[in-house]
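Please look at the sequence and the structure together, and keep both at hand while reading.

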Amino acid sequence: MSSVRPGSVGATRPCPHCREIILESAVVCPACRHYLRFDPGADPTPEPAVTPLRIEASIRHPADGEPWEYTVVVSIRNDRDEELAHKLIRVGALNPNEQRTFTLTVEAVSAKAKPGAKGGGTRH
């Protein structure tokens with residue numbers, strides 16, 4: 001859980017469906033995509049999030065050679081180079097001629113646009 005007090009910008013909580021740690025202000029869980037609460041004040045067609053980072057790449061195993069094993073890890077660091085999170089996403093294997101595509105997306109939305117969002121308090 002976050003060290004940010006509940007109700008402030010950046011506060012987190014576990015999703016009741018998948019148990020991933022998500023923003024407290026989320027109406028839909030970004031991990032499992034389940035609705036978390038009915039929010040009559042929410043715009044049914046919300047403004048798209050800003051996507052300041054999107055990376056997509058594919059790897060294809062050559063036709064010859066032994067199978068490869070892979071590990072997908074994401075880490076997040078702050079401006080002081082302190083690691084805030086380090087998460088193993090998935091492991092797997094690629095056989096000859098198989099391909100995997102990996103996409104990393106960071107979405108950002110204004111905390112002011114969220115109902116009940118309060119100023120201050122970011123996680124350091």
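Arg 33 counts as exposed, with 67% relative accessibility, where exposed means over 50% relative accessible area, buried under 20% and partly exposed in between, computed with a 1.4 Å probe and protein chains only. The model is a predicted one, in which local features need pLDDT of at least 70 and side-chain atom pairs count only at pLDDT 80 or more, while totals for chains, interfaces and linings use all residues. Residues are numbered from 1 along each chain as its sequence is written, and side-chain values use heavy atoms, with hydrogens and water left out.

Arg 33 lies in the loop between β2 and β3, the strands being DSSP runs of E of at least two residues, and helices runs of H or I of at least four, numbered from the N terminus. The phi angle of Arg 33 is positive, near 65 degrees, in a residue other than glycine. Most residues other than glycine have a negative phi. A positive phi is also found at Arg 19, near 70 degrees, and this residue sits in the loop between β1 (12-14) and β2 (21-23). Arg 19 is exposed, its relative accessible area being 58%.

Leu 53, Ile 55, Leu 104 and Val 106 make a nonpolar surface patch of about 290 Å²; patches consist of residues with over 30% relative accessible area and no salt bridge, with like charges joined within 9 Å and nonpolar side chains (Val, Leu, Ile, Met, Phe, Trp, Tyr) within 5 Å. A salt bridge here is a side-chain nitrogen of Lys or Arg within 4 Å of a carboxyl oxygen of Asp or Glu, and accessible areas come from the Shrake-Rupley method with a 1.4 Å probe, only the protein chains shown counting as cover for residues. Strands β3 (50-60) and β6 each give two or more residues to the patch. Leu 53, in strand β3, is partly exposed at 33%.

Which rings form a pair? Rings of Phe, Tyr and Trp (its six-membered ring) pair if their centres lie within 6.5 Å, planes under 30 degrees apart counting as stacked, over 60 as edge-to-face and the rest as tilted. By this rule there is one aromatic pair: Tyr 70 and Phe 102 are edge-to-face, with 5.6 Å centre to centre and 80 degrees between the planes. The pair links strand β4 (residues 68-77), which holds Tyr 70, to strand β6 (residues 99-108), which holds Phe 102, 32 residues apart. Tyr 70 is buried at 16%, whereas Phe 102 is partly exposed at 29%.
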